[in-house]
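Have a look at the structure first, and then we can walk through a few of its parts.

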Amino acid sequence: MVPGFLGEDTPEEVLAALRRTDPVGLAQHLGDLAFLLQGIAGDPAELFATEGRSRREFSDLLGAIQASRGALDSLEARALIALQDTTRRERWEQARADAAHEDAATPSRSRIEQEADGSTVTDISLITRRSPHMAGRTLASARRLVETLPRIMSALAGGRIAGDSAYAVAGASAVLDPDLAREVDRILGERLPELDGAGTRRWRDAVATVAGDVDPEGSTLRHRRARSDRHVTMTPGQHGMATLTARLTALDAQQIHRHLSRQAERRRAAGDRSGHSAVMADVLVDTVLRPGEGAPPPVTLEVGVIITDRALFRPDAGDVAHLEGYGAVPSEAVREQLLACTTPPAEGERDPFGSDGEEVRATLRRLYAHPTADELIAMDSASRPFPPAMRRFLSRRDTTCRGPFCNAAIRQYDHIVPVSRGGPTSLDNGQGACAHCNKKEQLAARVERVENPALPGHRVRWTGHSGAVRETGPTPLLGPTDRARAPGADDAPAAGHDGSAAGPEGGHGDGPSSGSDDGGS
């Protein structure tokens with residue numbers, strides 16, 4: 001407590017007084033606090049001198065700052081909505097007054113509110129120093145947090161979820177109707193401990209998985225609606241550069257990205273010294289603009305698609321599919337393509353894959369899921385040490401880097417207990433990682449497999465040098481409803497949630513690995 005700041009009152013008494021005040025009173029208190037914080041930030045004097053102080057002092061300070069940021073993010077969301085609602089009311093009252101309260105002369109309320117919202121977005125942009133586009137998106141997400149995502153909002157206020165993760169949930173919920181969003185919020189609220197180490201990509205993935213489980217028919221319709229919005233845009237940049245963006249189906253985008261990455265690796269192996277991403281850009285330009293000038297031969301690519309047998313053959317099953325390196329997608333997004341490329345043509349029909357159809361057609365590999373955690377735990381084939389088949393399994397089980405809050409694609413395959421310390425090369429001791437998180441021996445104090453009775457499955461605990469602890473797990477393949485279903489119920493496979501991982505495995509490479517098999521392990 002800052003001496004004199006709260007006077008003789010206890011924090012609880014000050015809190016009660018703040019709840020009785022109005023926005024002006026709260027603004028004054030926050031203004032006083034902002035004055036103190038800005039003064040310290042501008043001239044911290046000896047506050048951050050390190051001589052004679054421990055790491056614990058600064059890590060505790062960082063934790064307190066983070067907790068304050070979550071509370072402020074929550075207050076900001078409520079203030080944004082209050083500003084929008086007040087602006088709408090004032091504009092409507094002014095329009096009624098201008099029309100002398102005659103209904104026939106009063107503009108439509110929807111038009112008045114639309115104009116008021118434009119004014120609100122401008123105010124938010126100016127006050128928060130966000131672009132108008134970002135201000136509008138923040139306002140829309142804030143309303144979803146306040147009105148349809150109360151548990152995520154509460155977690156944000158209590159520092160149990162970061163602001164960017166909360167807004168990722170709100171953004172991913174934009175396509176859901178309010179009742180479905182509230183149900184998704186309820187389920188995610190129950191899964192907060194499980195998602196404690198999740199990055200924004202995994203939070204969005206969780207929204208898609210739960211929504212697909214709760215509303216399978218709506219998931220299909222949302223995919224079809226989103227697919228109709230595919231497009232290509234060009235955004236001018238600086239220094240003679242520009243950004244070309246294509247909105248495609250997840251499967252098409254992943255295959256294109258994998259193709260560009262594979263060709264870039266070949267060029268670098270042949271002596272191109274440019275960076276990997278730069279060479280990918282060169283491959284794209286050459287493929288589109290100069291296809292006849294030394295174009296690479298056609299290649300087949302492996303893209304892992306994890307989908308339950310129910311979802312593959314029953315459109316109304318509701319199980320989402322998982323695209324390796326991307327995350328959850330509606331089964332509708334991949335079902336037709338998988339069935340088409342796994343089914344040989346009938347006698348007399350032309351094979352769309354040509355004379356190499358039998359060699360390059362997609363194949364199915366049986367994968368086995370945990371009976372309660374519903375994550376991948378085994379496959380039909382296994383070998384040593386992190387061979388191609390095992391790397392593919394880790395990619396499909398983890399989908400993205402297993403480092404806490406990391407959204408990066410899997411680039412390397414890590415022994416949780418390093419081989420140098422006796423760690424076995426096994427699926428249980430393996431995890432997918434990006435190049436940064438694979439340096440865990442240097443980044444963290446301890447990384448270990450843990451058994452958590454409350455959260456069954458492949459859990460990995462990361463302990464930082466400050467003592468902060470986070471657990472991560474693979475992306476669940478199904479939603480909570482299917483996880484609760486007893487093995488053998490309805491038409492589920494007798495062995496549990498056996499999934500079929502479909503991907504064009506004939507003549508392909510070894511998954512997304514682009515470097516060492518195990519990095520720093």
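Helices (H or I, at least four residues) and strands (E, at least two) are DSSP runs, numbered from the N terminus. This is a predicted model, in which local features need pLDDT of at least 70, side-chain atom pairs count only at pLDDT 80 or more, and totals for chains, interfaces and linings use all residues. Residues are numbered from 1 along each chain as its sequence is written, and side-chain values use heavy atoms, with hydrogens and water left out.

Let us begin with T138, a residue of helix α5 (residues 132-147). T138 counts as buried because its relative accessibility is 8%; buried means under 20% relative accessible area (1.4 Å probe, protein chains only). Leaving aside residues up to four places away in sequence, T138 touches L80, R130 and Y167, where contact means heavy atoms within 4.5 Å.

Next comes helix α11 (residues 250-269), whose 20 residues reach 28 Å from first C-alpha to last, close to the 28 Å expected at 1.5 Å a residue. That expected span is 1.5 Å times one less than the number of residues. Among the buried residues of α11 are L251, R258 and L260. Just after α11, G271 has a positive phi of about 120°.

Finally, an open sheet of three strands runs in the order β10-β11-β12, with antiparallel pairing. β10 and β12 are at the edges with a single partner strand each, so one side of each has no neighbour in the sheet. Strands pair if DSSP finds at least two bridges between them.

| Strand | Residues |
|---|---|
| β10 | 446-450 |
| β11 | 459-463 |
| β12 | 469-472 |

β10 and β11 pair over five bridges, and R446 has T463 in β11 as its bridge partner.

Key. Buried means under 20% relative accessible area, exposed over 50%, partly exposed in between (1.4 Å probe, protein chains only).
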